[in-house]
Amino acid sequence: MATTFAEAEDRVAVSHAARIDHVSKSFAGPTGQQLVLDDISLDVAPGEFVTLLGASGCGKSTLLNLVAGLDRPTVGSIETPGGRPALMFQEHALFPWLTAGKNIELALRLRGVAKNERRGEAERLLELVRLSGAYGKRVHELSGGMRQRVALARALAQDSDLLLMDEPFAALDAITRDVLHDELTRIWRETKLSVLFVTHNVREAVRLAERVVLLSSRPGRIARQWEIGIPHPRRIEDAAVAELSVEITEELRGEIRRHGQH
Ligand SMILES: Nc1ncnc2c1ncn2[C@@H]1O[C@H](COP(=O)(O)OP(=O)(O)OP(=O)(O)O)[C@@H](O)[C@H]1O
Ligand SMILES: [Mg+2]
């Protein structure tokens, strides 16, 4: 079903799309418990686009998995009032034996969409990610960028208020990534979704987000946050994007220096 204006308005009525409240996470390691995330508190407002930025191994995916409900915090709590968030990873994780359309329909079926509505809805979602005509294509017939578009359409098929993205464009070439940045920004603005987007690419973080949250390493803590007021449409090569990226990169370098190379 298409998101109606009233539904989009409803999304704005709750006070947060995700609340991460004093969350710590430890894993059992060879030398005892290893503290990976330390006392993270972060709210994602309804309709907000937040990027989590940090060095490799700082705990970004761990935090995203906690918000997704795939794992539980050692300490603290996580709320996602809109229900189970939609997830998108670096690898598309599409089923290769199904067509693009059927991959999306599977998500619709799991959501409880009636059988006779699924095809139309899958086609609408493919159109939203600008992939009309790909309904009958199998995964191996699609380029990397097209696969990520289908994966995005499948995530949107869950009709969740909150979309969690873990480096979804990291494996794509620069031009394809740039096009998908535009598409994601457009879709985010059209649907009023809340997005929590993980990346270690500073320019990508600044290009996309309303707020960038920098995590320190070992353990992961919130080191600093930036509100990104740069108006849309943004380009990765915009002077304002470049300037802020330099500042954030300096901070990120400082974090890596403090905690060693990964
Ligand atoms: N299930 C687990 N069991 C034990 N250790 C884990 C587990 N999951 C993650 N870790 C450890 O937690 C730390 C953070 O891992 P995580 O994958 O969250 O980092 P990341 O910031 O996403 O890194 P990258 O940018 O490379 O994806 C790493 O030291 C990792 O080895
Ligand atoms: Mg990761």
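**Notebook: predicted model, single residues and overall form**

I began with Thr176, which sits in helix α6, residues 174–191; helices (H or I, at least four residues) and strands (E, at least two) are DSSP runs numbered from the N terminus. This is a predicted model, in which local features need pLDDT of at least 70, side-chain atom pairs count only at pLDDT 80 or more, and totals for chains, interfaces and linings use all residues. Residues are numbered from 1 along each chain as its sequence is written, and side-chain values use heavy atoms, with hydrogens and water left out.

I looked up the exposure of Thr176: its relative accessibility is 24%, so the residue counts as partly exposed. The classes are buried under 20% relative accessible area, exposed over 50% and partly exposed in between, with a 1.4 Å probe and protein chains only. From Thr176 to Gly144 I noted a C-alpha to C-alpha distance of 8.8 Å, across 32 residues of sequence.

Ser194 has a relative accessible area of 2% and is buried. Leaving out residues up to four places away in sequence, Ser194 touches Ala17, Val44, Ala45, Pro46, Gly47, Glu48, Asp161, Leu162 and Leu163; contact means heavy atoms within 4.5 Å.

I then checked the backbone. Most residues other than glycine have a negative phi, and most peptide bonds are trans. Arg218 has a positive phi of about 50 degrees, and the bond from Arg218 to Pro219 is cis, with omega near -5 degrees. Arg218 belongs to the loop between β8 and β9, and with 52% relative accessible area it is exposed. I found a cis peptide bond also from His232 to Pro233, with omega near -5 degrees; Pro233 is placed in the loop between β9 and α8 (239–259). Arg130, not a glycine, has a positive phi of about 55 degrees and lies in the loop between α4 (115–128) and α5 (144–157).

Finally I recorded the whole chain. I listed eight helices and nine strands. The radius of gyration is 18 Å, close to the 18 Å given by the globule rule for 262 residues, so the chain is as compact as a globular protein of that length; the radius is taken over C-alpha atoms, and the rule is 2.2 Å times the number of residues to the power 0.38. Of the 262 residues, 49% count as buried. Among contacts between residues at least 6 apart in sequence, 72% join residues at least 24 apart.

Notes. Chains are lettered from A and ligands numbered from 1 in the order in which they are written.
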